[in-house]
Amino acid sequence: MRIDIISCVPQLLVSPFEHSILKRGQAAGVIEVEVHNLRDYSTSKQKQTDDYAFGGGAGMVMMIEPIENCINSLKAKRSYDAVIYTTPDGELFDQQKANQFSLLENIIILCGHYKGVDERVRQHLITHEISIGDYVLSGGELAAAVIADAVFRLVPGVMNDETSALTDSFQDGLLAPPVYTRPAVYNGWEVPSVLSSGHQGKIEEWRHEQSLQRTRERRPDLYSKLTDFQFVTK
Ligand code: ADE
């Protein structure tokens, strides 16, 4: 799977893909990410990518031309299944959306900036408008990194069995249970005895109960959506 990210601050997107799981996924050849500097697609001498808003008002607006040039040059090389625009007024990103995007082959993410983008970009060039939460970031780069990370880790071969994304919180509509590692006692604080009982059936049952309890306490909105099936199949 490949993600191309278009940004006017590409330096912000270097580090997130150079470490740990995403670095290994790229080395294994199962995921690919490339960041494109929007300025390189501007035809003006000053490499302009934004301009004043028609009708006045504070804040600059991202221009349509460099964006279309960049998207067209990418589309000339391969076909894309989604062109995502990161914006606080987009649809909220969640695990279900991450799952859906992870099934696609090639994705473009356009990072929003300033007051936003010329509306015609949204109308004609974008297929999905995505927000990562109800707060405003300085730009869409961190949102693009969040989306790419959540999507890439679901691509087969990026994570090994031990860290399988299938056991993540939200993947079955439940929060993940607590985890512990050595030492078994620290400052008198003990690890629940069931976890060292060696009885795998009891451990799984305990984990499922903990997941249910956490979800009920911390995310009553998710808990109320659980079906009977999710209660009995664990
Ligand atoms: N750009 C600024 N804030 C954002 C948000 N919450 N989600 C996505 N893109 C953004």
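User: Which element gives the most to the shell around the ligand?

Analyst: β5 does, with 3 residues. Strands here are DSSP runs of E, at least two residues, and helices are runs of H or I, at least four, all numbered from the N terminus. This is a predicted model: local features need pLDDT of at least 70, side-chain atom pairs count only at pLDDT 80 or more, and totals for chains, interfaces and linings use all residues. Residues are numbered from 1 along each chain as its sequence is written, and side-chain values use heavy atoms, with hydrogens and water left out.

User: Which residues are around the ligand?

Analyst: They are T86, T87, P88, I130, S131, I132, G133, Y135, V136, L137, G139 and A143. A residue is near a molecule if one of its heavy atoms lies within 4 Å of it.

User: How much of the ligand does the protein cover?

Analyst: The protein covers 97% of the 260 Å² of accessible area that the ligand has on its own. Areas come from the Shrake-Rupley method with a 1.4 Å probe.

User: Why is H124 called exposed?

Analyst: Its relative accessible area is 61%. Exposed means over 50%, buried under 20%, and partly exposed in between, with a 1.4 Å probe and protein chains only. H124 is therefore exposed. H124 lies in helix α4, residues 119-124.

User: What makes a set of residues a nonpolar core, and how many residues has the largest one?

Analyst: A core is a set of buried Ala, Val, Leu, Ile, Met, Phe, Trp, Tyr and Cys residues joined through side-chain atoms within 4.5 Å. The largest has 31 residues. Among those with the most contacts inside it are F17, F93 and F152. Its largest share, 8 residues, comes from α5. Apart from it lies another core of 18 residues, including Y41 and L110.
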